[in-house]
Amino acid sequence: MLKYVIKRLLLAVLTLFIILSLCFIFIKMLPLPVVNGSTEMVELIEARREAMGYYKPILEQFFLFWGRIFTSFDWGYGEQIYQMQSVTDIIAGKLPATIAVNLYSLILSIPIGLLLGIYAAVKKNKWQDHTISTLVMVFVSVPSFVYAFLIQYLLCYRLGWFPLLASTDTNYLAPEVVWSLMPAIFSLAFGSIAGFTRYTRAELSEVLTSEYMLLARAKGLTRRQATIRHALRNAMVVIFPMILGEFISILSGSLIIESIFSIPGIGSLYVTSITSLDYNFFMAISAFYTAVGLAAGIVIDLSYGLIDPRIRMGVK
Amino acid sequence: MANFKKIAAAAAACILAATFTFGVAACKTDTTDTPPSPPGPETPGEDDQTELPVSKEDVYTLNQAFAASPNTWNPHAWESNTDSIILGYITIGFYDVQLVYDENGDPTGEYEWVTEMASAFPVDVTSQYVGRYGVNSGDTRKAWEISLNELACWDDGTPITADDYIYSMQQQLDPAMLNRRADSYTSGTFTIYGASKYLYSQTEATYETVGSQGYATNAAAIAAGETLYIDMWNFYGLSGMVDADGNECPQWVAITDTVKYRDLAVEEGADGDWVSAADIWASYGSMLEVGSSYESYVSLLVENEDVGYGWDYNANGNGGVGLIKTDDYKIVIILQDSIDDFNLKYNLSSTWLVKKSLYDSCKTTTESGLVSSTYCTSLETTASYGPYKLTSFNRDSDFKLSYNPYWYGYVDGKHEGQFQTTSLYYRMISGESSHDTSMMYFMQGNLDDVSVLSTEMQYYGSSQYLTQTPESYTYQFFLCNNKQWLESEDTATENHSVLQLESFRRALSYSISRSEYCSAYSPASQPGFGLLNYCYVVDPETGLLYRDTEQAKRVSLLYNGFTENADGSWTTRNGTKFDDLESAYEAISGYDPTYAAELFREAYAEAVQLGLYNDNQDVVIYYGNPGELSTVLSAMLEWFNKSFAECLPEGTFKSVSIKAYTGYGSEDAYWQALKAGQMDLSFSAWGGAAMDPWSIIYGSYIDPANSNNYGFDSLSKTLDITLDYNGKQVTASLYDWASWLNNGQADSAYDENNLYTILGTSVGEADLEFKIDVLAACELKQLETAVNIPIYYSYTNGLQSAKYNNGTDIYVNELIGYGGIRHITFNYTNSEWTQFVSQNSVNGSLENYYRTH
């Protein structure tokens with residue numbers, strides 16, 4: 001098993017290297033941003049670019065880039081955005097806000113989503129199931145920023161239950177900060193709750209009708225006991241990886257929500273780095289998301305065995 | 001199995017725990033950027049309050065919003081307006097402006113200059129430097145002595161002396177740093193002697209346009225033995241392409257070079273899949289002629305003769321920057337050209353000061369050797385010498401400035417009643433919904449200013465808290481007259497070519513009722529009939545506005561078809577007579593459907609005669625937009641189309657309409673198209689520098705590097721203007737006159753017709769009336785090309801909270817506005833304001849209050 005994990009990790013590192021190399025080459029092939037300004041300003045910027053090595057051959061820049069990463073894990077400085085500020089410092093400064101909002105959203109979504117899914121499966125084809133399924137379709141279909149606007153207007157402005165904007169305090173464990181993040185958390189959670197509910201209901205509905213459930217009931221287990229001990233555990237083989245996947249997707253998908261509630265997260269940074277052609281930021285954030293994705297893939301694969309003992313990996 | 005479970009569980013736990021722990025850990029370690037409490041009473045520097053020279057209770061907080069976080073407020077490198085917010089509070093210039101009040105304490109609507117970081121106004125010491133630093137005998141107003149304010153110090157009490165100014169300028173112009181703001185001192189009206197040479201003293205060679213090196217044509221340059229280089233990246237899109245040996249295509253390649261590069265935009269095997277600079281030159285060389293829209297894509301490689309140029313003056317001419325310390329509190333600035341009083345003070349209304357110890361500690365060297373500084377990019381790297389100091393900064397979130405207890409202005413007795421604001425709190429509100437969020441935040445009493453959209457004017461149009469502020473921007477059509485581009489767009493059913501006809505462009509102009517447009521889409525704005533609006537000041541001493549001068553009014557009248565009679569009266573095109581210039585000027589509307597129809601007929605006849613149009617074609621004008629069209633923008637285009645349709649006579653063009661083109665893919669691509677003149681229509685604005693109207697025509701409409709006209713200007717070098725100068729008739733091109741106004745002729749070797757030489761004076765030394773004559777003549781000539789069609793002069797609407805008052809209710813000018821932070825007074829303290837909000841709000845909102853007061 002250990003051998004399997006090591007093999008997966010090495011493959012992940014190789015994949016990361018290949019993806020980042022491709023990203024580097026492709027973004028360097030794009031033309032540099034147009035400089036608007038006086039003749040003197042244009043000359044000055046061109047001279048700066050020359051001095052910063054922008055006009056060196058891509059291959060030379062490529063080796064310099066990996067040399068920096070391997071020798072000192074240095075992702076460089078902002079060139080087009082956050083000029084001359086450390087890329088890692090900026091990202092590290094913005095990451096906690098994004099992680100906090102997404103993690104809180106997930107913590108809220110998982111139990112509610114699972115419970116609603118279980119309830120809908122148990123009450124399959126009854127009015128409770130129809131109601132939940134209808135709401136699920138609504139929440140899955142409507143983008144999260146629509147809830148965000150509604151929540152901000154109704155709960156924050158008209159009713160005044162929450163602050164209009166998220167707190168600027170960076171202690172994301174403080175109750176008042178969490179409270180100020182609640183509108184954003186709700187906005188992100190609605191879609192996730194709907195997703196979890198839908199998957200749980202679908203998986204559980206299938207499992208509940210299987211023969212071993214009949215056997216479980218026949219051997220004397222109550223419906224609740226059979227559902228929790230047998231049905232839910234089997235359904236989790238599909239649901240658990242989805243939870244991890246959901247975390248990764250909302251991590252990168254909270255751009256608009258962060259903007260609406262003025263949360264200084266990483267959401268918009270990736271897009272800005274691409275539109276501004278800031279190579280260093282683009283590479284560092286690409287590396288982050290790719291690494292998270294690859295790590296999550298490994299964890300998801302390993303989790304199958306944890307949840308379902310019948311699944312073995314790395315065993316011939 | 002047990003091992004597997006442990007590993008899997010550990011891995012799952014690790015990934016979640018690590019992300020969360022990292023987040024928490026990262027935020028806990030961020031102790032330096034401690035955010036402020038929500039605005040409320042507090043005292044900055046509480047711990048060392050007893051040692052501070054000034055201590056006052058923080059009771060007057062001004063709450064503002066910003067859309068994009070400041071990145072660097074380093075005076076040497078700041079970029080955006082947002083960057084300059086912090087800079088505007090933590091620094092102050094040698095000189096500044098303040099409102100003038102009458103004996104009753106009421107503002108007179110005028111302003112005056114006051115000394116701040118200087119202790120006296122500058123003294124002309126040019127005669128002391130004759131024979132040095134480019135000063136010739138008889139020169140005046142080039143060398144200026146500035147006595148420094150001896151009370152000035154940094155926010156830790158460290159005194160500021162002449163050495164700080166010298167050190168700071170050396171950093172500003174450091175050739176190893178190439179700071180972005182160095183151009184403030186290497187070009188324009190405030191060019192310091194030797195600054196440019198010193199800045200580029202480590203740059204071996206530069207690519208310069210052929211025209212700028214004194215050649216009238218590319219052929220002339222080639223004949224003189226010069227090698228021309230073509231911009232392979234920006235002209236032909238070969239950035240990142242390689243030759244057969246895998247060598248990357250350089251940006252500039254000699255036009256004789258036959259090395260072929262693989263153009264990935266062309267399918268392998270098709271014509272042009274491999275292309276060399278020589279091929280490109282052979283196919284497109286004629287397009288790249290001097291004076292054309294594309295001239296910047298061909299250059300000469302100019303060796304830098306000033307490599308190694310030093311800071312200290314030497315007689316060999318290989319050193320000397322015009323900034324000298326004459327004693328601990330005196331410096332002399334020596335400029336390349338003479339400068340008038342206003343521009344001198346205006347340019348000295350900011351400084352280049354940086355704090356040496358901090359600046360040096362913030363320096364970093366990139367792997368390529370370029371030195372940069374992270375000075376003024378965070379709380380810890382910021383030093384203040386202005387009225388306020390940065391007390392908290394959360395990137396992309398908020399920041400707070402509190403009064404600087406070490407600022408001399410609080411104790412020198414010269415600022416009584418000024419700078420009442422004790423702190424400023426800025427909160428970031430961005431994104432698509434930022435206006436709605438800002439409005440709600442304002443209505444909750446958390447913001448002190450908010451913009452008002454035209455759709456909201458029905459609610460707040462009569463509020464006493466509504467402010468209507470003029471902007472220097474004139475919104476206008478920028479119309480393409482690039483023959484090749486327009487003809488390349490034509491199809492069997494679509495015609496674009498007629499846009500190259502001046503009569504057609506003028507017909508479009510007369511079809512538009514500017515007043516109706518303003519009522520519908522920009523209620524606060526005024527119909528525009530000129531390129532410069534009512535913000536531009538030609539005489540800063542008296543506040544005289546360019547648009548109010550006789551010359552400017554004459555321009556508007558002539559452009560709108562009025563004729564001046566011998567007796568001073570004016571007659572419109574349809575014969576209506578006005579006794580004098582003023583009454584005629586009041587009658588300008590810019591809208592004449594009858595004349596528009598006549599011009600459409602004229603354009604049609606011309607187009608048919610020239611074979612530019614056939615009757616099966618609809619005339620389509622593509623309006624270029626970098627992103628998707630908003631609903632308002634779509635409605636505006638429809639409105640314009642309706643106006644054209646109403647004026648288009650039967651029997652002429654089948655139809656004339658504007659259609660939006662949004663398929664540029666990126667903002668950069670949009671700008672590239674604009675720069676290359678590959679866009680039928682851009683509807684945008686140009687403004688700024690309202691106190692320096694002289695540079696606008698050149699900078700905004702002619703200079704290829706800095707112009708909204710970009711590729712649209714192909715005429716300015718071919719249009720002549722003749723003006724009377726001291727009884728002598730001087731004829732030069734629009735380009736040359738505008739360039740002279742921009743103070744550019746002193747350096748320009750563009751052609752032999754050097755106005756600086758002919759007139760014997762620079763714009764800084766010229767008589768005001770003559771400068772206005774030149775400006776008006778340039779504006780009229782540019783308008784007559786009908787490439788630019790002014791639509792409206794922009795104003796912005798805003799709501800100001802009941803919490804504070806500006807120094808004056810009347811907007812003075814762009815330099816001082818309503819008085820700025822210096823003159824703001826408060827009606828309520830922070831705690832009183834909280835009470836006010838709770839007493840006057842309904843469900844926590846002040847909407848009703850602002851609608852009814």
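User: What covers the buried residues of helix 3 of chain B?

Analyst: A residue is buried if 20 or more other C-beta atoms lie within 10 Å of its own, exposed if 12 or fewer, and partly exposed in between, with C-beta atoms placed from the backbone. Helices (H or I, at least four residues) and strands (E, at least two) are DSSP runs, numbered from the N terminus. The cover of helix 3 of chain B includes helix 4 (183-186), strand 12 (323-327), strand 13 (330-334) and helix 9 (356-361) of chain B.

User: What pLDDT do local features need in this predicted model?

Analyst: pLDDT is the predictor's confidence in each residue, from 0 to 100. Residues are numbered from 1 along each chain as its sequence is written, while chains are lettered from A and ligands numbered from 1 in the order in which they are written. The model is predicted: totals for chains, interfaces and linings use all residues, side-chain atom pairs count only at pLDDT 80 or more, and local features need pLDDT of at least 70.

User: Which residues of helix 3 of chain B are buried?

Analyst: An α-helix has 3.6 residues a turn, so residues three or four places apart point the same way. Helix 3 of chain B runs over residues 162-172. Its buried residues are A162(B), D164(B), Y165(B), S168(B), M169(B), Q171(B) and Q172(B).

User: Strand 13 of chain B is part of that cover. Which residue is the bridge partner of K325(B) in strand 13?

Analyst: Strand 13 of chain B is mostly covered, with four of its five residues buried. Strand 12 pairs with strand 13 in the antiparallel sense over four bridges, where pairing takes at least two DSSP bridges between two strands. The two strands form a hairpin with two residues between them. Within this pair, K325(B) is partnered by I331(B).

User: Which residue of strand 13 of chain B does E145(B) stand opposite?

Analyst: Strand 5 (residues 143-147) of chain B runs antiparallel to strand 13 of chain B. Five bridges join them. E145(B) faces V332(B).

User: Which residue stands opposite N63(B) in strand 18 of chain B?

Analyst: Strand 18 covers residues 423-428 of chain B. It pairs with strand 1 of chain B in the parallel sense, over six bridges. Opposite N63(B) stands Y425(B).

User: By what angle are neighbouring strands turned in the sheet with the order 6-11-7-8 of chain B?

Analyst: This open sheet has four strands and antiparallel pairing. Strand 6 (205-209) and strand 8 (252-254) of chain B are its edges, each pairing on one side only.

User: Which residue does Y207(B) stand opposite in strand 11 of chain B?

Analyst: Strand 11 spans residues 298-303 of chain B. Five bridges join it to strand 6 of chain B, and the two run antiparallel. Y207(B) is set against L301(B).

User: How far apart are the C-alpha atoms of Q800(B) and L300(B)?

Analyst: Q800(B) lies in strand 33 (residues 788-800) of chain B. It has 19 C-beta neighbours inside 10 Å, so it counts as partly exposed. Beyond four places in sequence, its contacts are D448(B), D449(B), Y465(B) and T467(B). L300(B) is 500 residues away along the chain, and the C-alpha separation is 54 Å.

User: What is the radius of gyration of chain B?

Analyst: Chain B has 26 helices and 35 strands. The globule rule, 2.2 Å times the number of residues to the power 0.38, is set against a radius taken over C-alpha atoms. For 853 residues the rule gives 29 Å, so chain B is as compact as a globular protein of that length, with a radius of gyration of 30 Å.

User: Over which residues of chain B does pLDDT stay under 50, with 73 contacts beyond four places in sequence?

Analyst: The mean pLDDT of chain B is 86, and 91% of its residues reach 70 or more. Where pLDDT is low, the predicted coordinates should not be read in detail. The stretch asked for is residues 7-50.

Definitions and conventions. Two residues are in contact if their C-beta atoms, placed from the backbone, lie within 7 Å.
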